[in-house]
Amino acid sequence: DGEERAASAPGSSPPPPPEEPPALAAGEAPAEQAGDAAAEAQSEGAGGEDGGAADEPSFSDPEDFVDDVSEEELLGDILKDRPQEADGIDSVIVVDNVPQVGPDRLEKLKNVIHKIFSKFGKITNDFYPEEDGKTKGYTFLEYASPAHALDAVKNADGYKLDKQHTFRVNLFTDFDKYMTISDEWDIPEKQPFKDLVNMAFWMEAECRDQYSVIFESGDRTSIFWNDVKDPVSIEERARWTETYVRWSPKGTYLATFHQRGIALWGGEKFKQIQRFSHQGVQLIDFSPCERYLVTFSPLMDTPDDPQAIIIWDILTGQKKRGFHCESSAHWPIFKWSHDGKFFARMTLDTLSIYETPVSDTVSWGDFSWSPGGNIIAFWVPEDKDIPARVTLMQLPTRQEIRVRNLFNVVDCKLHWQKNGDYLCVKVDRTPKGTQGVVTNFEIFRMREKQVPVDVVEMKETIIAFAWEPNGSKFAVLHGEAPRISVSFYHVKNNGKIELIKMFDKQQANTIFWSPQGQFVVLAGLRSMNGALAFVDTSDCTVMNIAEHYMASDVEWDPTGRYVVTSVSWWSHKVDNAYWLWTFQGRLLQKNNKDRFCQLLWRPRPPTLLSQDQIKQIKKDLKKYSKIFEQKDRLSQSKASKELVERRRTMMEDFRKYRKMAQELYMEQKSERLELRGGVDTDELDSNVEDWEEETIEFFVTEEIIPLGNQEPAWLCPSCVPGAAGKLRPAGAVQVVPASQRAERGNKSKPVRKRCLSPVFTRR
Amino acid sequence: LWDCETGKQLALLKTNSAVRTCGFDFGGNIIMFSTDKQMGYQCFVSFFDLRDPSQIDNNEPYMKIPCNDSKITSAVWGPLGECIIAGHEGGELNQYSAKSGEVLVNVKEHSRQINDIQLSRDMTMFVTASKDNTAKLFDSTTLEHQKTFRTERPVNSAALSPNYDHVVLGGGQEAMDVTTTSTRIGKFEARFFHLAFEEEFGRVKGHFGPINSVAFHPDGKSYSSGGEDGYVRIHYFDPQYFEFEFEA
C-alpha cells in the first residue's frame, strides 16, 4: 500500500512502511490502476500544458465522461491472470534472529542473507522492516515457487550465522495456521478395542512344544503338540501357505507366504493377526524383539521408489521404510543387533547402520552382530600393503574395542557363540611360499579385558564348525570324505583351548548342538544317506549311532529334549516322513506324511524366571518330577484305555459284518455244489475221504559213522530250537574247520555233518 | 489254456492288444480275460464258454464288454460266477454282469491305479492293492468299502489269510525309481495288517526289489512272494505268528 500511495501521488515523500507485510502482489494491481490514473493525470496535465501548441485533436475523454465499459469486458483475459491477495503467500518465508543493523551495514547484511538463501531458489523479493533506524531482526523473503520456500525452511532453519545469531526460518503461512488453532480440544473418538487374542496361550497349556509340518507337497500345513506317544494335531489347513512358513523368534507368530504378501497368525485358534502387502515376496526376516518384519521381493523395485525391501511395524501393520536391494544372495540383508535397537546392512562399499552410515570407500568382507551386546564384528580383506583386519566395534560409541591383523588371508568367516561370550573367526590363509590353503581359528574371548585372542591351527579342510550354545565348547568337522573326523574343543578360563576328544571315521557333514548345550547330533545329510551320531560332550561319549535313510533335515526342539530328523519331499520324492528321537538317540516315533515337506519347532520366548528361581527349581526337581511322572502315567493309561476301547468297537463291528457274510455264504452252499458237479470244495478237508495217502522213501545219501568216536547229536547253530525262534528245514550242512579234521585223521577232505533237526513232512 | 497235470497247451487265443488279467469262474466252465487299451484298440473283457468248443476254435467270445473309460488293470470273478469285479487305471471299481455285460455297481475309493484284486477264501470279500499307497477291503456283493490299510509306498499286491483276520501287502515303488531308494539287501518288505484294526503288526524283509505278487497258502501256514529282483520267496510262519493277539 505504500507503493500504491507513492504511485498515485508522485512527488510526495514515501510514508513510513507499515507493520504488516506489504501485500506485494496486491500492490501490482492497484499500481496498474494507479498507473492508469497517473497516466490520465499526466495526459491531462500534458494536455493542459500543451493545450495551445497541439494541432492534433485531443483524444482525451471529456471531463464528465463516465466509462460504461466494465473492466471485465475490456480486459477480461488479462484480468483472469490478476494476482490475488492470497497468491504468492506460499512462497514467502520469515527469517528470524537476523542481526539488527543500521543503514550503513544494511547493504552488507542483505548481501549475506541473499547469498545464503538464494541456494534454495531465486529470490524475487525481500523486505527488511526497520524501526528507529535499525532493522528489526527479521526479514521476509519471497521465492519464485512454494517448493523453494519449503526447501529453505527445511534446510536453513537452524543455520548458525555467528555466535549470537542462529536463523529460525518459517513459512509465512505457518503463522496464520498456528494462530487459528482453536482453544477447544476435541477428545479423539474411542476406537473399539481390537482383542488380539491371547498370544501366549500356547505356553500356558501344558508346556509341551509345538511344531509346524508342511506336507502333501505344500498343500497342507498342520500344527502339532509334541507328545511322546503320538503328535496331537491342533490345527490343519489346506493351502495355508503357498510356499513355506516361518516362526517369529520368540514363537509368537506364524508367518505364511502368499503371492500378494505375508500373513501373520497367532493365538489359540491361529487367527490372522496382521497382513503385509508385498507383491511377489520371497524372503522375510523378523527383528529379535518381534517388533519389526523385513520382507524382500525382487519384483517391486523402481528407481525412485525403493520397494524391494520393506520394513514393517508388526503391531500396527504400517510400512516403515523401503530400500533398494541389489541381490538377495546374502539374506538376511539387514542384520539386527541382539536387542533390536540397531540394524545394519552392507552394500558394495558401505556398511550402513541405520541411520548412521559408518564408513565408506573401503571394501568390506562381511559383518556380524554379537548376540550378546551391541558389538559388531567385521573383517576387511587385504588392500595393497595393508593386511586384512578383523575389527570389533562397540555401538553406538563406535569405539574399536579390538583389532587384529591377519596376513595372506583368502577368506574369513565369523561365528559367534550364542550368548556373545566368544567369537570365532575361521581364517583361510595361503602362507607365503606355499600353494595350499591353511585354516586357523582365531578365538576372541569377549568377556575378558581387552578381548584376548587365541589361535587354533587346523591341519585339514574344515567341513563344519559350531559353538556349543550356552557353553564354551565348540565342535569341528574336518577332513575329506570318506575320512572325516570330529574334534571337540574346550575354551578354558586359563587362556588355553584344549582338544577334549577326536573321533575319526565319521559319516557326518553337519553339526547340530542342542539349544541347551552339552548334547550334539552329528549328521550326514543328503549324500551321506542320513547317518546320525548322538554325542554327550560332558564326557565325550557316543550315546548312540543310528540312521534315518536319506534324511535332509535335523531340528532340535527348544528345550533340547527331542530331536526330529526328516526326509523332505523337496529333496527326495519317496519315504517322506519325520522321526522323533530323544536327545540320547532313542527312536520314539516314525511319522509318515504324504509328500512331507518341512517341520519347524515353535520357538519359546525367553524365560520369565530369575536365576535364583531357576536354581530353586533345580533343587526341588525331585518333587516336581514325581508329580510329572504321575501325570504322564495317567495320560498314558488314559490313552491306552482309549485305544483299547476303539479296538474293541472296531472288532465288534467287523465281527458283525463277517457274521452276515458267513450267513450269505452258507445260504449259497447249494449253488456252489451245483456249480462244481456235487463236489464239496468249501474246506480243504471237505472231501478228505476221496484222498489217498502214499508214503514214499527215497535214498538221499549214505554216511558211515564209526562207533566209539561218535559225537553227540549235533544241531547246526541255526537249528537250535528257541535260539532264533525258527526252525529251518533239514539238510543244513556245515564244513568242519581244519583244526578239528585232524582229530578224525582225515586231513584233506572236509567232513560234512547233517543237522538232526526234524524234517517237515508234506503230502 | 493249459492242462495243469501235463502242462500241455490246450488252446491259443490271439488278441489285438496285451492281455492284462484272466480267470475261471467258480464252476470252471467260463473263462474271462481283459485286454489293454493299446495301439488304437479299446479295452475289452472277453468271455468264452469252454463247454462250447466252437467259441475257442473260432476265437469268438460269446460276450465282449467294451470299457470306455480308464482301462481295466485287474479283475476277478464274483462268488458264484455271476459277475466280474474289475479295477481300473484311475482307481474305480466296477461290477459287470457276466450275463448281460452291464455295470451293476460302480465305486471309486482309490485315487490311483488298482494293481491287484484278491478274494477271500469264502469269496464274500476282496482286497484291492493300489498305486495310491493303500490297500482296501470291500464286500463282494455290494462293493461296499470296509477297511483301508495305509503304507508310504505303492502297493503292488495284497492277499487275505484263509483262516486269520490278516492281510499281507507287497509293494515297493515304480520300477524306474528303484535306483533312488536304498539298494541295501532286504529293504523291500511284505507288511502284515490286522483286518479289523487296520494296524500293521509285522514285516518280512528279504526281497531286494519291489514285491509284485503275494499269495497265502490255502492252509494259512505259509505265504509266498514274488519280486522284481527275480526271486520267489516261500515263507513259513513262526509259532508266534499264530499266537499273536492284539490288546483288545
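The bridge partner of A:S566 in β42(A) is A:Y578. The model is predicted, so that local features are given at pLDDT of at least 70 and side-chain atom pairs at pLDDT 80 or more, while totals for chains, interfaces and linings use all residues. Residues are numbered from 1 along each chain as its sequence is written, chains are lettered from A and ligands numbered from 1 in the order in which they are written, and side-chain values use heavy atoms, with hydrogens and water left out.

In chain A, β41 (residues 562-567) and β42 (residues 577-582) pair in the antiparallel sense over 6 bridges; strands pair if DSSP finds at least two bridges between them. Strands are DSSP runs of E with at least two residues, helices are runs of H or I with at least four, and both are numbered from the N terminus. These two strands belong to an open, antiparallel sheet of 4 strands in the order β40-β41-β42-β43. At its edges stand β40 (553-556) and β43 (587-592) of chain A, each with a single partner strand, so one side of each has no neighbour in the sheet. Neighbouring strands are turned by 20° against each other on average, direction ignored, the axes being lines fitted to C-alpha atoms.

Chain B also contains an open sheet of 4 strands, with antiparallel pairing and the order β1-β2-β3-β4. Its edges are β1 (19-24) and β4 (63-67), each of which has a single partner strand and therefore one side without a neighbour in the sheet. Antiparallel pairing of β1(B) with β2 (residues 30-35) of chain B extends over 5 bridges, and B:C22 stands opposite B:F33 in β2(B).

Helix α5 (residues 146-156) of chain A has the buried residues A:A149, A:A152, A:V153 and A:A156, buried meaning under 20% relative accessible area, exposed over 50% and partly exposed in between (1.4 Å probe, protein chains only). They lie on the same side of α5(A), because they cover an arc of only 105° around the axis, taken from the directions from the helix axis to the C-beta atoms. Their cover includes β1 (92-96), α4 (103-117), β5 (139-143) and β8 (168-171) of chain A. Just after α5(A), A:G158 takes a positive phi of about 95°.

B:A215, in strand β17 (residues 211-216) of chain B, is partly exposed, with a relative accessible area of 35%. Apart from neighbours within four places in sequence, B:A215 is in contact with B:A159, B:Y223 and B:S224 (heavy atoms within 4.5 Å).

Technical notes. Axes fitted to C-alpha atoms, helices over the stretch in contact; angles between N-to-C directions.
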